[in-house]
Amino acid sequence: MRSTLIDTLSVSRETMVDFECYEALIKKWSKSINLVSSATMTSIWKRHILDSAQLYLNLPDKCSVWLDLGSGAGFPGLVISILAKQHHPGLRVYLVESDKRKSVFLKTVSRELSLDAIVVNDRIECANVPAADVISARALANLSDLLAYAYPHMKEGGFCLFQKGKNWEKEVSYAEKQWSFDLKIINSKTQIGAVTLKVGGISRGRSKS
């Protein structure tokens, strides 16, 4: 069944087929490597794909590079790349993943679905990637660490999209002691209590607010 979010994103039948193939690959590869938790294996579509897809609503019109940190199974990076294949073919998504086996999985999905996604098998601190318009991360680290990871890779005027659970306010308070940044809170369309932190104007030093 198509969701309201999918209708909002005007997802074509061809893109839905890509998502179905992606989900099938996750289930196949999860037999040998840990891509998603067993508890969410039966709800990949809602818990992971739709949850990631909502970030696409924040894509700027003029955006050429999206950087996904700690991509894991490809959430949200591969989901963004699948949507961009239909709506924004000029967008290149870079997926940074230090785990070699997960990187092989990401490359396999990108190749089989003909995505404009580049997999970088390296630690975030060492990743050789272009400056990004948008930087994303999901279930990777606390906000302070995410800002430290993202800061060197951000294009001037760019922003971050970090998906967080119910304890996001504590993370923001702690991060404000070390960083200055502009923050917009976007309530999740798929999980009650969860949010996306849209962060821009990042600089080192305690927030003035």
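Contact here means heavy atoms within 4.5 Å. Helices (H or I, at least four residues) and strands (E, at least two) are DSSP runs, numbered from the N terminus. The model is predicted: local features need pLDDT of at least 70, side-chain atom pairs count only at pLDDT 80 or more, and totals for chains, interfaces and linings use all residues. Residues are numbered from 1 along each chain as its sequence is written, and side-chain values use heavy atoms, with hydrogens and water left out.

**Exercise 1.** Determine which elements the buried residues of α5 pack against.

Solution. Buried means under 20% relative accessible area, exposed over 50%, partly exposed in between (1.4 Å probe, protein chains only). In α5, Ser103, Phe105, Leu106, Thr108, Val109 and Ser110 are buried. Their partners are α2 (13-29), α4 (77-87), β2 (92-96) and β3 (117-120).

**Exercise 2.** Check the span of helix α5 against its number of residues.

Solution. The expected span is 1.5 Å times one less than the number of residues. Helix α5 (residues 100-112) has 13 residues, so it should span 18 Å; its end C-alpha atoms are 18 Å apart, which agrees.

**Exercise 3.** Classify the accessibility of Lys155 and list its contacts.

Solution. Lys155 is found in strand β5 (residues 154-164). Its relative accessibility is 30%, so Lys155 counts as partly exposed. Leaving aside neighbours within four places in sequence, Lys155 is in contact with Ser64, Ala131, Ala132 and Asp133. Pro130, 25 residues away in sequence, is 8.5 Å from Lys155, C-alpha to C-alpha.
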